[in-house]
Amino acid sequence: MAEQDPGAQSGRLFLIKLPETAGGDTFIPVACAQENSLSYENGEVDASCKDSEFRKLIAGGTRQLNTSVNGIYISNDEGAQRLADNALSNRIETMQLVFADGETFEGMFQVGTYERTGNHQEATTFSCDLKSAGEVTHT
């Protein structure tokens, strides 16, 4: 019997959540999500000049948190429908990214890309990329 790593987290419990109502503080998960990912992007500002002696001087830059979600599209799932609506209307909305251990990122996110695919004799799937649009809190 295989041993479990006590520090490993179930990917199933990494959730993307949207407010239940606009501006609300109760969040609902995007149902039927099957795969989520998270990446950080730290931009830099090159502050080098001719007298920098061949050294690159870096000043603070922008930071962005990106996430993606793929799953089965269910037309009566409120979370999946809201992602599609946000993409169509280019709406920026508060979202939460919640991990199995309770680690949470919360902030405003914009749907960068959204795709829905229907293959013959298979469930319709969706995928989208979300990009932070401002400050993101981490707890």
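What percentage of the 139 residues of the protein chain count as buried? The share is 29%, where buried means under 20% relative accessible area, exposed over 50%, and partly exposed in between, with a 1.4 Å probe and protein chains only.

The model is predicted, with local features requiring pLDDT of at least 70, side-chain atom pairs counting only at pLDDT 80 or more, and totals for chains, interfaces and linings using all residues. Residues are numbered from 1 along each chain as its sequence is written, and side-chain values use heavy atoms, leaving out hydrogens and water.

**The whole chain**

Colour the chain by secondary structure. There are 1 helix and 9 strands, in the order β-β-β-β-β-β-α-β-β-β from the N terminus. Helices (H or I, at least four residues) and strands (E, at least two) are DSSP runs, numbered from the N terminus.

Select residues 92-98 and 104-117, which are strands β7 and β8; they run antiparallel and are joined by 7 bridges. Two strands pair if DSSP finds at least two bridges between them. Met95 stands opposite Gly107 in β8. The two strands form a hairpin with 5 residues between them, and Gly102 in the turn has a positive phi of about 95 degrees.

Val111 has Leu130 in β9 as its bridge partner.

**Two loop residues**

Most residues other than glycine have a negative phi. Select Asn90, whose phi is positive, near 55 degrees. Asn90 sits in the loop between α1 (78-89) and β7 and is exposed, with a relative accessible area of 51%.

Then move to Gln121 in the loop between β8 and β9. Its phi is also positive, near 65 degrees, and Gln121 counts as exposed at 73% relative accessibility.

**The largest pocket**

Finally, select the lining of the largest pocket, which includes Tyr40, Arg63, Phe105, Glu135 and His138. About 240 Å³ of space lies within this pocket. On a 1 Å grid over the protein atoms alone, a pocket is an open set of points where a 1.4 Å probe fits, with protein on both sides within 12 Å along at least five of seven lines; lining residues have an atom within 4 Å of a point. The volume is the space filled by probe spheres set on the points.

Which strand supplies the largest share of the lining? It is β9, with 5 residues.
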